[in-house]
Amino acid sequence: MTTLEAHNLIKQYHLRQGVRTRPLRAVDDVSFTLDPRRTVALVGQSGSGKSTIAKLLLQLERPTSGEILLDGKSVERRGAGLKRYRRTVQMVFQDPFASLNPFHTVEHHLQRPVRLHHPQLTKDEVHRRVLQLLERVRLTPAENVAARRPHELSGGQRQRVAIARALAPEPGILIADEPVSMLDVSIRLGVLNLLATLQREEDLGVLYITHDLATARHFSDEILVMYQGRIVERGTADDVILSPQHEYTKTLAAAAPNPERRIGELRR
Ligand code: ADP
Ligand code: MG
């Protein structure tokens with residue numbers, strides 16, 4: 001089981017304006033913890049800094065200051081430590097199509113991470129693992145799905161393949177950046193339910209990044225509301241939505257007045 005902590009993360013970019021540059025704090029003093037079997041929702045409008053946090057957590061960007069701790073230890077920036085980190089902290093992106101190669105089968109997409117993680121496995125064993133991964137994300141019959149290419153799958157199925165790929169290295173942490181916002185409304189709930197099930201079955205700590213307060217409430221234990229790089233409000237999902245304190249959260253909550261009904265609509 002894995003815990004990931006963000007301590008006072010700051011990410012400052014420098015925007016070019018003619019000959020000058022202007023600093024922009026995309027992430028401004030953000031701290032939180034991802035624990036096993038818990039989902040934290042990071043909610044905020046476009047440009048509030050959510051994806052920058054994802055990039056910092058994935059070590060794709062370096063923080064200007066602040067620290068990331070994996071199981072209480074600060075993260076090495078190279079070598080075996082970084083390799084372990086990259087395996088342990090996995091990502092599901094917004095657009096499953098963009099992250100899959102149209103020329104390769106599902107099997108091909110999943111073999112690579114399986115082999116990387118288990119270099120000693122035979123061809124047959126790798127194949128069996130790929131099928132198991134597909135079953136874990138409820139893509140069955142697995143043999144049939146494994147032979148397909150991305151365009152032969154629906155958007156929801158593609159996102160399930162992307163989730164299977166993220167699971168291949170047996171991660172402890174899953175970062176899902178707007179994982180359903182490009183999917184048809186009718187299939188969003190199925191993918192979010194799958195993430196919730198996997199979180200429990202695989203002891204994952206999940207960061208669910210979204211601009212949708214209704215699904216954040218339904219699928220998370222804790223909500224962090226982001227506004228202009230800062231966490232302006234945080235608490236249990238019900239507390240944040242039923243008694244929002246910050247003006248921005250009130251606006252968000254008012255835009256989704258009845259989460260239960262929204263979820264009901266999504267379910268239909
Ligand atoms: P969100 O995911 O919430 O929509 P982002 O984290 O993508 O927000 O962006 C936060 C802010 O940081 C935005 O103002 C964006 O323009 C800026 N930003 C993000 N990446 C860069 C970058 N590489 N260089 C400069 N500014 C950036
Ligand atoms: Mg984003």
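1. Helices (H or I, at least four residues) and strands (E, at least two) are DSSP runs, numbered from the N terminus. This is a predicted model: local features need pLDDT of at least 70 and side-chain atom pairs count only at pLDDT 80 or more, while totals for chains, interfaces and linings use all residues. Residues are numbered from 1 along each chain as its sequence is written, chains are lettered from A and ligands numbered from 1 in the order in which they are written, and side-chain values use heavy atoms, with hydrogens and water left out.

2. Strand 1 (4-17), strand 2 (20-34) and helix 1 (50-57) each supply at least two residues of its shell. Helix 1 gives the most, with three residues. A residue is near a molecule if one of its heavy atoms lies within 4 Å of it. Around ligand 1 these residues are Tyr13, Leu15, Leu24, Ala26, Gln45, Ser46, Gly47, Ser48, Gly49, Lys50, Ser51 and Thr52. By class, the shell holds four nonpolar residues, seven polar and one charged. Here Ala, Val, Leu, Ile, Met, Phe, Trp, Tyr, Cys and Pro count as nonpolar, Asp, Glu, Lys and Arg as charged, and the others, Gly among them, as polar.

3. Next, the polar contacts of ligand 1. A polar contact is a pair of N or O atoms within 3.5 Å; within protein, one must be able to donate a hydrogen and the other to accept it, and residues adjacent in sequence count only if both atoms are side-chain atoms. A polar backbone atom of Gly49 is 3.0 Å from an oxygen atom of ligand 1, and a polar backbone atom of Ser51 is 2.8 Å from an oxygen atom of the ligand. For Thr52, an N or O atom of the side chain is 2.5 Å from a ligand oxygen. Ligand 1 taken alone exposes 560 Å², and the protein buries 65% of that. Accessible areas come from the Shrake-Rupley method with a 1.4 Å probe; for residues, only the protein chains shown count as cover.

4. Buried means under 20% relative accessible area, exposed over 50%, and partly exposed in between (1.4 Å probe, protein chains only). A polar atom of the Ser48 side chain lies 2.7 Å from the backbone oxygen of Gln45.

5. Strands 1 and 2 pair in the antiparallel sense over twelve bridges. Two strands pair if DSSP finds at least two bridges between them. Ile10 has Asp28 of strand 2 as its bridge partner, and Leu15 stands opposite Arg22 in strand 2. The hairpin of these strands has two residues between them, and Gly18 takes a positive phi near 65° there. An open sheet of four strands has the order 2-1-4-5, with antiparallel pairing. Its edge strands are strand 2 and strand 5 (73-74), each of which pairs on one side only.

6. Some backbone angles deserve a check. Most residues other than glycine have a negative phi, and most peptide bonds are trans. Asp29, which is not a glycine, has a positive phi of about 65°. Asp29 is in strand 2 and counts as partly exposed, at 37% relative accessibility. Gln59 also has a positive phi, near 65°. Gln59 sits in the loop between helix 1 and strand 4 (65-70) and is buried, at 8% relative accessible area. A cis peptide bond, with omega about -5°, joins Thr140 and Pro141; Pro141 is in the loop between helix 4 (123-136) and helix 5 (142-146).

7. Strand 6 (residues 89-92) is covered on both faces: Val89 and Met91 on one side, and Gln90 and Val92 on the other, are all buried. Strand 6 pairs in the parallel sense with strand 7 (residues 173-177) over four bridges. The bridge partner of Val89 in strand 7 is Ile173.

8. Which residues of helix 10 (residues 247-255) are buried? They are Tyr248, Thr249, Leu252 and Ala253. Seen down the axis of helix 10, these buried residues fall within an arc of 135°, so they line one face of the helix. The arc is that of the directions from the helix axis to the C-beta atoms. Glu247, Thr251, Ala254 and Ala255, on the other side of helix 10, are exposed.
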